[in-house]
Amino acid sequence: MSATEKKVAVIMGSTSDESVMNKCTDYLEWFGVPYEKQIMSAHRHPEKVEQFMFNAEINGFAIIIAAAGMAAHLPGVIASKTTLPVIGVPLEGSALNGVDALYSIVQMPAGIPVATVAIGSAGAKNAAVLAVEILALNNPELKQKLQEFRQKGSKL
Ligand code: RP5
């Protein structure tokens, strides 16, 4: 049985983001948090992003993790379409090594926040842990799991 009924959406812009974002889903699995992984780009599949976000709450999602590299507009576009918390993961892979994505994701104008984590692998893992921390506000079982995680050195 999972530790929560609420799902996390883990959305990334490209199949090239998948290997890093598997670290995020590994962490969610360890915490027993249900998630759905989606690959959709804000510029290649804008209608798909729009449709997914239109139905996100009805479909049981409580938190959105959105990862992208380069111009990395995906997390901001997603945040514009929901009042659910959005966690943005900037990814490496460009000539600028993810600093481009970091600056893009972290610089959301006032009113439409994206909680931005570190570039790459550390960010992918921390996005999962932050999502669990948010869900744990109303879930003592998950809070307990977070304490266990800290006791084992805050890594899997
Ligand atoms: C972004 O552009 C993706 O998130 C990816 O990190 C980057 C490059 O994508 P591909 O050209 O490899 O599909 O949209």
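Trainee: By class, which residues make up the shell around the ligand?

Mentor: Please bear in mind that this is a predicted model. The shell around the ligand holds one nonpolar, five polar and two charged residues. By name, Gly13, Ser14, Ser16, Asp17, His43, Arg44, Ala68 and Gly69 surround the ligand.

Trainee: Which polar side-chain atoms lie 2.6 Å and 2.9 Å from an oxygen atom of the ligand?

Mentor: For polar contacts, one looks at N and O atoms within 3.5 Å of each other. Aspartate 17 places a polar side-chain atom 2.6 Å from a ligand oxygen atom, and arginine 44 places one at 2.9 Å from a ligand oxygen atom. The backbone takes part as well: a polar backbone atom of glycine 69 is 3.0 Å from an oxygen atom of the ligand. Of the 360 Å² that the ligand exposes when taken alone, the protein buries 74%.

Trainee: What lines the largest pocket?

Mentor: Its lining consists of 22 residues, with Ser14, Ser16, Asp17, Gly69 and Met70 nearest the centre. Helix H1 (18–31) and strand S3 (61–69) are the elements that each give two or more residues to this lining. By class, the lining comprises nine nonpolar, 10 polar and three charged residues.

Methods: Residues numbered from 1 in each chain as written. Predicted model: local features only at pLDDT ≥ 70, side-chain atom pairs only at ≥ 80, totals over all residues. Heavy atoms only, no water. Near = heavy atom within 4 Å. Polar contact = N/O pair within 3.5 Å; in protein donor to acceptor, adjacent residues only side chain to side chain. Areas by Shrake-Rupley, 256 points an atom, 1.4 Å probe, with all protein chains shown as cover. Nonpolar A, V, L, I, M, F, W, Y, C, P; charged D, E, K, R; others polar. 1 Å grid on protein atoms, 1.4 Å probe; cavity = no way out; pocket = protein on both sides within 12 Å on 5 of 7 lines; lining within 4 Å. Helix = DSSP H or I, 4+ residues; strand = E, 2+ residues; numbered from the N terminus.
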